[in-house]
Amino acid sequence: MPNPILHQANGQVGSNNKIIFNNLEKRLDDKKGRWAEEPPLVLWTNRTTSKAATGQTPYSLVFGTEVMIPTKVVIPIARYKLQDQESNDRILAQDLDTIDELRDLSKIRIAAHHQGITKAYNKNIKVRRF
């Protein structure tokens, strides 16, 4: 049976949904009774993993900063422990000021990624004249 989630007008949306669907499918095989706990974890993983095309996480492209994983907050690390509220606010404001630059760099990386894919695809194409 075809998956209705994958049938989108935008190919990128379908590709992203396919990744989420496949990860959910893998995790749900052994979680027969506790399936409701898995979708938020899979979505969180997808949003906080950097993508090859952009070099950034979707979370950082939206909010302008890297996500702090909850375990790092519970178990303090130096990066979190040395921050106070004022310096954190200053860094967040700076990140918001530079978010447009981050997005522009991501667009450049996407274009380079597409050129690389096109080059790899086209090297196997042989021109034939009739």
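Buried here means under 20% relative accessible area, exposed means over 50%, and partly exposed covers what lies in between, with a 1.4 Å probe and protein chains only.

**Before selecting anything**

This is a predicted model, in which local features need pLDDT of at least 70 and side-chain atom pairs count only at pLDDT 80 or more, while totals for chains, interfaces and linings use all residues. Residues are numbered from 1 along each chain as its sequence is written, and side-chain values use heavy atoms, with hydrogens and water left out.

**The whole chain**

Start with the protein chain in a cartoon view, where there are seven helices and zero strands; helices (H or I, at least four residues) and strands (E, at least two) are DSSP runs, numbered from the N terminus. Switch to a surface, and the chain exposes about 10,700 Å², of which carbon and sulfur atoms supply 59%, the areas coming from the Shrake-Rupley method with a 1.4 Å probe, and for residues only the protein chains shown count as cover. Buried residues make up 16% of the 130 residues. Of the contacts (heavy atoms within 4.5 Å) with a separation of 6 or more, 40% are accounted for by residues 24 or more positions apart.

**Colour by confidence**

Next, colour by pLDDT, the predictor's confidence in each residue, from 0 to 100. The mean for the protein chain is 76, and 75% of its residues reach 70 or more.

**Helix α2**

Select residues 38-47, which form α2, and show the side chains of its buried residues, E38, V42 and N46. Seen down the axis of α2, these buried residues fall within an arc of 65°, so they line one face of the helix; the arc is that of the directions from the helix axis to the C-beta atoms. An α-helix has 3.6 residues a turn, so residues three or four places apart point the same way.

Move on to T57, in the loop between α2 and α3 (58-63). Is T57 buried or exposed? T57 is buried, with a relative accessible area of 4%, and, leaving aside its neighbours within four places in sequence, T57 is in contact with R47, T48, T49, S50 and E66.

Now return to S60, which lies in helix α3. Its side chain reaches the backbone oxygen of T57 at 2.9 Å and makes a polar contact with the side chain of Q56 at 3.4 Å. A polar contact is a pair of N or O atoms within 3.5 Å; within protein, one must be able to donate a hydrogen and the other to accept it, and residues adjacent in sequence count only if both atoms are side-chain atoms. Not counting residues up to four places away in sequence, S60 touches T65, E66, I99 and L102.

**Two further residues of α3**

Select V62, also in helix α3, which is exposed, with a relative accessible area of 52%. Beyond its neighbours within four places in sequence, V62 is in contact with I99 and R103; V62 and R103 are 41 residues apart in sequence and 8.9 Å apart in space, C-alpha to C-alpha.

F63, in helix α3, is partly exposed, with a relative accessible area of 47%. With neighbours within four places again set aside, F63 is in contact with L96 and I99, and a C-alpha to C-alpha distance drawn from F63 to D95 reads 8.6 Å across 32 residues of sequence.

Which loop holds E66? E66 is in the loop between α3 and α4, where this residue is partly exposed, with a relative accessible area of 38%. E66 and T48 are 18 residues apart in sequence and 8.1 Å apart in space, C-alpha to C-alpha.

Finish with α7, in which I99, L102 and S106 are buried; what covers the buried residues of α7 includes α3 and α6 (85-97). At 1.5 Å a residue, the 24 residues of α7 should span 34 Å, and its end C-alpha atoms are 34 Å apart, which agrees; the expected span is 1.5 Å times one less than the number of residues.
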